[in-house]
Amino acid sequence: MTEKLDIDHLRQWIGRSQEATDIVTAQLVKGLRATLFQEVGEPKAGDAAPFTVHWCLAQPVFPMSMLGPDGHPTRGGFLPPVPLPRRMWAGGEIEFLQPLRVGDESTRTSRIADVQVKSGSTGTLCFVSVEHSISSPRCTAIRERQDIVYREMSGGAPAGGKASPPPPQAQHRETHVSDPVLLFRYSALTFNGHRIHYDRDYVTKVEGYPGLIFHGPLQAALIIEMAAKLRGGKSPKKFSYRGVQPLFEGTEFSVNANETEAGMELWTANAEGQPTMKGTAVW
């Protein structure tokens, strides 16, 4: 049974901060380019890294003895100890100020911005918002807000929520396959031990999903790279996004974009054309 959720206790984490430093290596850039379906090449010092390389940098490292049953570190520490067992990346917003480059020493300063409890179709939801500032030796490169959602463990497969209306016809579209190797590679690049992305027995028998789950950040990274490619390689000034429903392994998925007056509307969709993540970009 899930421990009782004490929102007043959890909100005591608001304002907590931490700092971590890492280096953008050529090998990391090669691995991320390959995972994002880009030409790998031979990156050299000073070359721009993929726009979301910061999600691969300075990830927390804990001994095996401190990991929970889902592969994440046991609750507490920097993030509040939310007792709800399912954890997902719900969405967020990113401001791209300057690119990170091969050879950069990058510092991420993180702060717990908010903790809220809501009720949804699957029960109690707890949202934790984390603000990040990522710097290079030259300047602040990225500002970001990440929204993490925790929810209850239901008896069966989680519902996808209300059916979304059909998306508009895409002006620009790319298709790929959510191969388990792709998911493994991204977990490795981000040092992400969350078992929903690589442990089929765990994700189907314990959490009740029909298969391995495609990373939310990986979907967002593909969307951002498509948006930049459509604008001659220029990243958006601001990108806002939210997860709509899980995307699972073994199926074709698409990355889609439509031009708008304000910028660009973007989304990923499963093989049935149902959106799995939606985002907007402005330049």
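Biologist: A polar contact, as we use it, is a pair of N or O atoms within 3.5 Å; within protein, one must be able to donate a hydrogen and the other to accept it, and residues adjacent in sequence count only if both atoms are side-chain atoms. This is a predicted model: local features need pLDDT of at least 70, side-chain atom pairs count only at pLDDT 80 or more, and totals for chains, interfaces and linings use all residues. Residues are numbered from 1 along each chain as its sequence is written, and side-chain values use heavy atoms, with hydrogens and water left out. How long is the polar contact joining the side chains of Gln219 and Thr276?

Modeller: Happy to start there! The side chain of Gln219 has a polar contact of 2.6 Å with that of Thr268. For the side chain of Thr276, the polar contact with Gln219 is 2.8 Å.

Biologist: Does Gln219 count as buried or exposed?

Modeller: Gln219 sits in helix H5, residues 216-230 (helices are DSSP runs of H or I, at least four residues, and strands runs of E, at least two, numbered from the N terminus). Beyond four places in sequence, Gln219 touches Phe214, Leu247, Thr268, Thr276 and Met277 (contact means heavy atoms within 4.5 Å). Buried means under 20% relative accessible area, exposed over 50%, and partly exposed in between, with a 1.4 Å probe and protein chains only. Gln219 has 3% relative accessibility, so it counts as buried.

Biologist: How many of the 12 residues of strand S5 are buried?

Modeller: S5 is antiparallel to S2 (residues 86-96), with 10 bridges, and to S4 (residues 123-135), with 11. Two strands pair if DSSP finds at least two bridges between them. S5, residues 140-151, is largely enclosed by the rest of the structure because its buried residues number 9.

Biologist: And which strands are at the edges of the open sheet?

Modeller: The sheet has 10 strands with antiparallel pairing, in the order S1-S3-S4-S5-S2-S7-S10-S9-S8-S6. Each edge strand pairs on one side only, and these are S1 (17-23) and S6 (172-177).
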